[in-house]
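Q: Could you take a close look at the salt bridges of this structure and explain, for someone new to it, where their partners sit?

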Amino acid sequence: MPISSRRLRTPILSKIAVGSALVRRLLQKGQRVRVATRTPPEGRGDAGIDHVRCDLADALSLDAAFEGIERAMLITPLSPVETQLGLNAVRAAVAARVRRIVYMTVHALPSAPQVPHFASKTPIVDAIRQSDLAYTLIEPNNFFQNDLAMADSIRRLKIYPQPIGGVGISRVDARDVADAAANALLDSGHEGQAYPLVGPAALTGEAVARIYSERLGHAVRYGGNDLDAWARDAAKTLPGWLRDDLRTMYAHFQHSGLIASDEDLALAPRILGRPPRALAQFVDEVFVPQAA
């Protein structure tokens, strides 16, 4: 059962891509899935899916969402109260005697405690580890799917605007994160494990722009590292707390990167059962069809 709250739709958040891909994968594996969100769709929905209303701030809705569930995927939203929302879900899972929980956190979580949406996940991870739940931690890097919200800039303005810097981050496909979560939910042997979900290459802003240029057949240039300019533009669409959070994250990327270690690169295929997808594959299979 994937259980999550409603996500903010911003140019940098692609958690919804993980949730929807996970549901598809579980259905393909013959599972019946309960999807718990703040705003479930009206009507009967798709075959094999039970939609229920769930607010991570509402204990009663959490109890109802977890009732009768044996295995759960927890995706917490970026929020000023993310920690409390996640702790609420963990408590509800324990009370419901859930057999296994998979939690999506962040790659190299301890490396950037100054980034609010990194730090907010640490108490949730600690609570899961200290509980009696069988658990697996899925730790994704920056999603390729974030770029879908930048499609107009990439295609029309020919600029890649995400200011990830020149050190490198091991970006990953959200479909790989979903596949890893499905395997962790359904297969034995992943209990008590933490899996970095990383792509095969550490990508700089210039490298990402170059790959888009090659795959799209027109020049795409990197928009640069000016975080003041990024923040002014982001202020048009993002709440102040989220703009500041993401600016801190980008500053960390520009200074230190978020590069997978050799051990990380070995662990990702272990949970996937195959190598992770490269950015060029994402551009061909997802970005071009959705951005057209």
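**Salt bridges up close**

A: With a relative accessibility of 38%, R38 counts as partly exposed, where buried means under 20% relative accessible area, exposed over 50% and partly exposed in between (1.4 Å probe, protein chains only). The side chain of R38 meets that of D55 in a salt bridge, at 3.8 Å from N to O, the term standing for a side-chain nitrogen of Lys or Arg within 4 Å of a carboxyl oxygen of Asp or Glu. R38 lies in the loop between β2 (33-37) and β3 (49-53) and D55 in the loop between β3 and α2 (59-66), so this pair ties together parts that are 17 residues apart in sequence. Helices (H or I, at least four residues) and strands (E, at least two) are DSSP runs, numbered from the N terminus.

The model is predicted, so local features need pLDDT of at least 70 and side-chain atom pairs count only at pLDDT 80 or more, while totals for chains, interfaces and linings use all residues. Residues are numbered from 1 along each chain as its sequence is written, and side-chain values use heavy atoms, with hydrogens and water left out.

Across the whole structure, a search finds 19 salt bridges. One of them joins R25 and D179, whose closest N and O atoms are 2.9 Å apart; because R25 lies in helix α1 (residues 15-28) and D179 in helix α7 (residues 174-186), the pair ties together parts that are 154 residues apart in sequence. R25 is partly exposed at 28% relative accessibility, whereas D179 is buried at 10%.
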